[in-house]
Amino acid sequence: MTVKKQTYLLFLLLHSLCYAQTNIQIYADTNCAFIGDVIQIQLDVITNQNIQWPDIEMDISPIEIQKTGRIDTINEEQFIRYSQKLTIQQFDSGRFVIPSLKFIQANEDTFYSDSLSFQFLNIELDTNNRI
């Protein structure tokens, strides 16, 4: 790749970052666990305005939230970074989906996170052994 192409791509990347108003990221430490295991979720929002945080407990039902961290707010030069950690748990086996979470900015613009899918597996029990 020539230097001219690299410079052009760098310019496009920086240009898109300067005009990006809101970036929402949601990720988990795993997408597969046994029933009763906990999964850590991180939710990060970078925006240039105040936002309305969704009611996550209601939005992700029937997945149970075991711990909800506080929403950390960091004011950077031109952006505000919001961050929250969640610990979830499920006592039924199967596939469960956290749907896209809705964030509303002060100017009424609406942004959505990606959805997350989890598989909760049964634990095999040995019924032949005595306790």
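Biologist: In what order do the three strands of the open sheet lie?

Modeller: Strands (E, at least two residues) and helices (H or I, at least four) are DSSP runs, numbered from the N terminus. Two strands pair if DSSP finds at least two bridges between them. Here the three strands form an open sheet in the order 4-9-10, with antiparallel pairing. Strand 4 and strand 10 are the edge strands, each pairing on one side only. The model is predicted, so local features need pLDDT of at least 70 and side-chain atom pairs count only at pLDDT 80 or more, while totals for chains, interfaces and linings use all residues. Residues are numbered from 1 along each chain as its sequence is written, and side-chain values use heavy atoms, with hydrogens and water left out.

Biologist: How many bridges join strand 9 to strand 10?

Modeller: Three bridges join these two antiparallel strands, strand 10 covering residues 110–112. Strand 9 and strand 10 form a hairpin with four residues between them, and Glu 108 in the turn has a positive phi of about 75°. On the other pairing, strand 4 (residues 51–52) meets strand 9 (residues 102–105) over two bridges in the antiparallel sense. There, Ile 51 has Gln 105 of strand 9 as its bridge partner.

Biologist: Which residues have the most contacts inside the largest nonpolar core?

Modeller: A nonpolar core is a set of buried Ala, Val, Leu, Ile, Met, Phe, Trp, Tyr and Cys residues joined through side-chain atoms within 4.5 Å. Buried means under 20% relative accessible area, exposed over 50%, and partly exposed in between (1.4 Å probe, protein chains only). The largest core here has 24 residues, and Ile 88 and Phe 118 have the most contacts inside it. At least two residues of this core come from each of strand 1 (22–28), strand 3 (38–47), strand 7 (80–89), strand 8 (94–98) and strand 11 (116–121). Contact means heavy atoms within 4.5 Å. Leaving aside neighbours within four places in sequence, Ile 88 touches residues including Val 38, Ile 41, Ile 63, Ile 98 and Phe 118.

Biologist: Is Ile 123 buried, partly exposed or exposed?

Modeller: Ile 123 counts as partly exposed because its relative accessibility is 47%. This residue is found in the segment after strand 11. Beyond its neighbours within four places in sequence, Ile 123 is in contact with Phe 34 and Ile 35. Ile 123 and Gly 36 are 87 residues apart in sequence, yet their C-alpha atoms are 9.5 Å apart in space.

Biologist: How many salt bridges does the structure hold?

Modeller: A salt bridge is a side-chain nitrogen of Lys or Arg within 4 Å of a carboxyl oxygen of Asp or Glu. The structure holds two. In one, Asp 72 joins Arg 70, with the closest N and O atoms 3.0 Å apart. Asp 72 is partly exposed, at 30% relative accessibility, whereas Arg 70 is exposed, at 66%. In the other, the side chains of Glu 76 and Arg 81 meet at 3.0 Å, N to O. Glu 76 is partly exposed at 36%, and Arg 81 is partly exposed at 28%.

Biologist: What does the secondary structure of the protein chain come to?

Modeller: The chain has two helices and eleven strands. Buried residues make up 29% of its 131 residues.
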